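I opened the model to look up how its parts are put together. These are my notes, in the order I took them.

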Amino acid sequence: MSVQLTVNGNPVRTDLDPETPLLWFLRDELGLTGTKFGCGIAHCGACAVIVEGNSVRSCVTPVARLDGKRVTTIEGLSSDNSHPVQRAWITEQVAQCGYCQSGQIMSAAALLAANKNPTDEEINRAMSGNICRCGTYVRIRRAIHRAASDMRETAR
Amino acid sequence: MRITVWILAGLIAISNLFAQDTQKDGGLRAFRDVASVLTSPRCVNCHVPVGSPPLQGDDSHPHNMQVARGTDGKGDNPTMRCSNCHQDTNVSTLHGPPGAPGWSMPPAAAPMAWYGHSAGQVCRALKDPQTNGNRSFSDLIRHVTSENLVNWGWNPGPGRTLPPLSHQQFVDAFKVWVAAGAPCPE
């Protein structure tokens with residue numbers, strides 16, 4: 001079975017076993033290694049990518065489900081780290097070890113695409129599926145508020 | 001002659017009453033079996049009241065990650081849609097997300113909440129189109145017979161117990177209950 005999808009704006013096709021997790025297709029076949037393997041059972045969020053606007057766990061998502069879908073990885077969020085969430089991440093110096101941050105950034109981007117001005121509570125709930133073992137949650141929330149503010153400014 | 005007719009009519013009336021009682025008793029017994037499934041963790045973990053998160057595990061603890069129902073029963077924001085993690089099949093690894101086509105909770109408008117309710121309350125909610133998703137009895141039989149998420153209850157993946165009856169026993173009991181006029185326990 002051949003699966004055709006769009007990854008970071010580029011049409012791609014794969015004949016891999018349809019049950020192959022999207023994560024391995026991205027990393028091993030396309031060389032997009034920004035998306036990380038964490039727990040492998042959708043509990044930590046390190047592997048999050050955006051599929052049709054939703055923050056999907058690529059470690060458990062079979063490629064067969066992606067037929068005809070648009071996938072955005074951390075590499076496709078911007079070509080020069082200029083996405084408001086990426087800029088805010090740098091400004092707020094969010095990352096400590098950094099392993100979770102690509103998943104965190106993708107979930108934050110998905111949240112802000114749907115909610116331009118989230119409250120602390122909305123951020124906490126939306127980001128609860130992304131775990132940071134370094135405990136940088138306060139900086140993550142601050143960066144999301146900053147990115148939201150930048151996005152609202154730009155939209156004016 | 002006249003006395004004989006009256007006696008016969010009386011006997012028929014009494015036997016009809018007994019038959020009705022027997023049928024109702026059979027329906028109530030069948031519903032006890034139905035309720036044992038509906039209130040098992042495989043069903044009740046998603047059949048929770050509005051405002052409650054979905055539950056997880058055989059101990060029915062709140063779903064990790066602050067997951068919420070949303071209006072359509074499929075999650076309340078783009079980072080927390082059910083299908084972000086739940087696929088069309090179970091992840092075979094222990095503690096991996098279970099899955100079936102259309103994975104979701106009942107929608108907020110018809111939550112079909114069984115959690116914490118008595119068998120009588122579940123019975124009345126199940127029959128009422130206002131609370132059962134506007135389903136007729138034939139819709140309900142179809143739902144318990146062939147709905148993907150119902151069938152998943154008997155294929156829940158590793159680490160999750162099965163409901164107390166087989167799927168066939170559950171469906172049979174459901175049909176007996178409906179045929180008996182769907183009586184509800186107090």
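This is a predicted model: local features need pLDDT of at least 70, side-chain atom pairs count only at pLDDT 80 or more; totals for chains, interfaces and linings use all residues.

**Entry 1**

I then looked up helix α3 (residues 84-91) and helix α6 (residues 137-155) of chain A. They pack at an angle of about 135 degrees, and their axes are 8 Å apart. Angles over 145 count as roughly antiparallel and 65 to 115 as roughly perpendicular. α3(A) and α6(A) are therefore oblique to each other. The crossing of α3(A) over α6(A) is right-handed.

Which residues of α3(A) meet α6(A)? I listed A:P84, A:V85, A:R87, A:A88, A:W89 and A:T91. On the α6(A) side I found A:A143, A:R146, A:A147, A:D150 and A:M151. By class, this contact holds seven nonpolar, one polar and three charged residues.

**Entry 1: helix pair α4 and α6**

Next I checked α4(A) against α6(A). Their axes come within 11 Å and cross at roughly 40 degrees. That makes α4(A) oblique to α6(A). Here, too, I noted a right-handed crossing.

From α4(A), the residues A:Q104, A:A108 and A:L112 take part. They meet A:I140, A:I144, A:A147, A:A148 and A:M151 of α6(A). I sorted this contact by class and got seven nonpolar, one polar and no charged residues.

**Entry 2: the sheet**

I traced the strands of chain A. Five of them form an open sheet in the order β2-β1-β5-β3-β4, with mixed pairing. Which strands stand at the edges? They are β2 (10-14) and β4 of chain A. Each has a single partner strand, so one side of each is left without a neighbour in the sheet. On average, neighbouring strands are turned by 40 degrees against each other, direction ignored.

I zoomed in on one pair. β3(A) and strand β5 (residues 70-72) of chain A run antiparallel and are joined by two bridges. A:V51 has A:V71 in β5(A) as its bridge partner.

Then I looked at what covers the strands. Helix α4 (residues 101-114) of chain A lies across β3 and β4 of chain A, at about 30 degrees to β3(A).

How many residues are in contact across the boundary? I found 15 residues of domain 1 and 14 residues of domain 2 of chain A.

On the domain 1 side, β3 (48-51), β4 (54-57) and α2 (74-77) of chain A each supply at least two residues. β3(A) gives the most, with three residues. By class, that side of domain 1 has eight nonpolar, six polar and one charged residues.

**Entry 3: chain A against chain B**

Last, I turned to the contact between the chains. It takes 23 residues from chain A and 15 residues from chain B. The elements of chain A that give two or more residues are β4, α4 and α5 (120-126). Which element has the largest share? It is α4(A), with five residues. I divided the chain A side by class into 11 nonpolar, nine polar and three charged residues.

Note on methods
Residues are numbered from 1 along each chain as its sequence is written. Chains are lettered from A and ligands numbered from 1 in the order in which they are written. Two residues are in contact if their C-beta atoms, placed from the backbone, lie within 7 Å. Helices (H or I, at least four residues) and strands (E, at least two) are DSSP runs, numbered from the N terminus. Ala, Val, Leu, Ile, Met, Phe, Trp, Tyr, Cys and Pro count as nonpolar, Asp, Glu, Lys and Arg as charged, and the others, Gly among them, as polar. Two strands pair if DSSP finds at least two bridges between them. Axes are lines fitted to C-alpha atoms, for helices over the stretch in contact, and angles run from 0 to 180 degrees between N-to-C directions. Angles under 35 degrees count as roughly parallel, over 145 as roughly antiparallel, 65 to 115 as roughly perpendicular and the rest as oblique. A crossing is left-handed if the near helix is turned anticlockwise from the far one by less than a right angle, and right-handed if clockwise.
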